[in-house]
Amino acid sequence: MRNDQFGYEISVSSPAAAAAWDRMVLGFLAHGASVPDHLSAVLREAPEFAMAHAVKGLFCLMLGRAEMTETAREAYQTASVAARQGAPLPREMGYVRALGAWLDGRPSECVRALEEILARWPEDALAMKIGHATRFILGDRHGMRSSVEALLPAYDAQNPARGYLLGCHAFALEETGEYGRAETAGRLALSLAGDDAWGLHAVAHVYDMTADSRGGLDWLEGREAAWAHCNNFRYHVWWHKALMHLDQRQIGAVFDLYDTEIRRDHTDDFRDISNATSLLMRLELEGFDVGQRWEELADIAERRTEDACLIFADLHYLLALIGGDRNAAVGRMISRLHRDAKRGDADEMTARMAHPGLAAATGLEAFGAGDYRGAYLNLAQARRSMQSIGGSHAQRDVFERLTIDAGIRSGFLDEAETMLRERSHQRAGTLDTFAATRLDLISSSRGNWKTAQSLPAE
Ligand SMILES: [Fe+2]
């Protein structure tokens, strides 16, 4: 029996395994690229360590890929056997239960199992971060915030995870609209943990949500070291920077970041695909030609139409399929969503496929076909429930933009204006370039309409 860096017992005897475990946890908190290596080292040194197998399974599920669900199932079996043969601690068994619940289609039960761990062992920062990430996938922003806030008193200045906890607090504050406090928490997080890319990124979100793209660029420029160590999360931070350039209408910088950072490696992680597809779609909505960039994304999305892991991923795959004019694959995805909808609430993720997924996907399909009325009506039907697809406000904003533009293009001007006002209200009353240009467009469209009405009949 050894203690981890937070002073909690772990059922490993090998000092090398314990050291690798601590490094793995810190790496995960920092979104570090080294996490798989550290976890492999733990499992190599302590193959009987049930908690490590369970964590491997949870990491696999977070990837949102059908083939990784199988790997997660195998990890659960291994963890269960190791638990039966060894003497796992109650805290460790909490991780095994958390994995089992998610594999049963109940990720919110997974979160509950992690909260049970935190109620007794609040400084278990790994449980905190996995819970935070799972709530993020579920779109549970208020749960994210209350979970972190309950833990704040337990993390004193000596706790090596205090900076990362504050980074999570910053993000949860931002997603619940407390922009001033979010920025303060994020800046403090980064001062305590210089590699807290999540905290840095939370502050970038604040700049996005308060329509201060110039301030956001100033925040990110010169702080690249805070996300250079990251796994594919680094592409996401570059994506945020590209959004700021887009708002500034620095289109050359957007394409440069797209080609040299965001899609440099042509990976097929759904989060990387979501960065890329939502950026290309935003560029197209602003009237910019994105060239052949849809093609490699559409190739990847064609292979994912039957995955059915996360509706957030599916809707971004659909963007790629629409952008790449892959109509047959769009049809396959929509058919699969109809099948999911018939299964109803078979599990928590399928329930999201049914609602709001199917309406949103139908709206996207219509948008791709140039049927803006159909796009608007379906996307508007999904709109009030889009929080539940998971991700952040900034990520889901691509669907909000599509809904608004579909409304404008099909003459739902009052409805589009109302959505823009609501969007601005959520953003502390600010107007970004997207909103300002659309409000101008609506205003001039009404003028044209009035002019047309007043023309004498021929
Ligand atoms: Fe983000």
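A residue is called buried here if 20 or more other C-beta atoms lie within 10 Å of its own, exposed if 12 or fewer do, and partly exposed in between, with C-beta atoms placed from the backbone. Helices are DSSP runs of H or I with at least four residues, and strands are runs of E with at least two, numbered from the N terminus.

Two remarks on sources. The model is predicted: local features need pLDDT of at least 70, side-chain atom pairs count only at pLDDT 80 or more, and totals for chains, interfaces and linings use all residues. Residues are numbered from 1 along each chain as its sequence is written.

I begin with helix 20. Which of its residues are buried? They are Tyr372, Ala375, Tyr376, Asn378, Leu379, Ala382 and Arg383. As a general point, an α-helix has 3.6 residues a turn, so residues three or four places apart point the same way. The cover over the buried residues of helix 20 includes helix 19 (348-368) and helix 21 (393-409). The length of helix 20 can also be checked. Its 12 residues, 372-383, should span 16 Å at 1.5 Å a residue, and the end C-alpha atoms are 15 Å apart, which agrees; the expected span is 1.5 Å times one less than the number of residues.

Next, the packing of helix 20 on helix 21. Their axes are 8 Å apart, at an angle of about 140 degrees. Helix 20 is therefore oblique to helix 21. Axes are lines fitted to C-alpha atoms, for helices over the stretch in contact, and angles run from 0 to 180 degrees between N-to-C directions. Under 35 degrees counts as roughly parallel, over 145 as roughly antiparallel, 65 to 115 as roughly perpendicular, and the rest as oblique. The crossing of helix 20 past helix 21 is left-handed, that is, the near helix is turned anticlockwise from the far one by less than a right angle; clockwise would be right-handed.

Who meets whom? From helix 20 come Tyr372, Ala375, Tyr376, Leu379, Ala380 and Arg383, and from helix 21 Phe399, Leu402, Thr403, Ala406, Gly407 and Arg409. Contact requires C-beta atoms, placed from the backbone, within 7 Å. Eight of these residues are nonpolar, two polar and two charged. Ala, Val, Leu, Ile, Met, Phe, Trp, Tyr, Cys and Pro count as nonpolar, Asp, Glu, Lys and Arg as charged, and the others, Gly among them, as polar.

The second pair is helix 10 (residues 179-192) with helix 11 (residues 197-209), packed at about 155 degrees with axes 8 Å apart. These two helices are therefore roughly antiparallel. Helix 10 contributes Tyr179, Ala182, Glu183, Gly186, Arg187, Ala189 and Leu190, and helix 11 contributes Gly199, Leu200, Ala202, Val203, Val206 and Met209. The classes in this contact are nine nonpolar, two polar and two charged.

Tyrosine 179, in helix 10, counts as buried because it has 20 C-beta neighbours inside 10 Å. Leaving aside residues up to four places away in sequence, tyrosine 179 touches Glu174, Val206, Met209, Thr210 and Ala428.

Finally, some backbone details. Alanine 211 is not a glycine, yet has a positive phi of about 55 degrees. Aspartate 325, also not a glycine, has a positive phi of about 55 degrees. The peptide bond from histidine 355 to proline 356 is cis, with omega near 10 degrees, and proline 356 lies in helix 19.

Note on methods. Contact = placed C-beta atoms within 7 Å.
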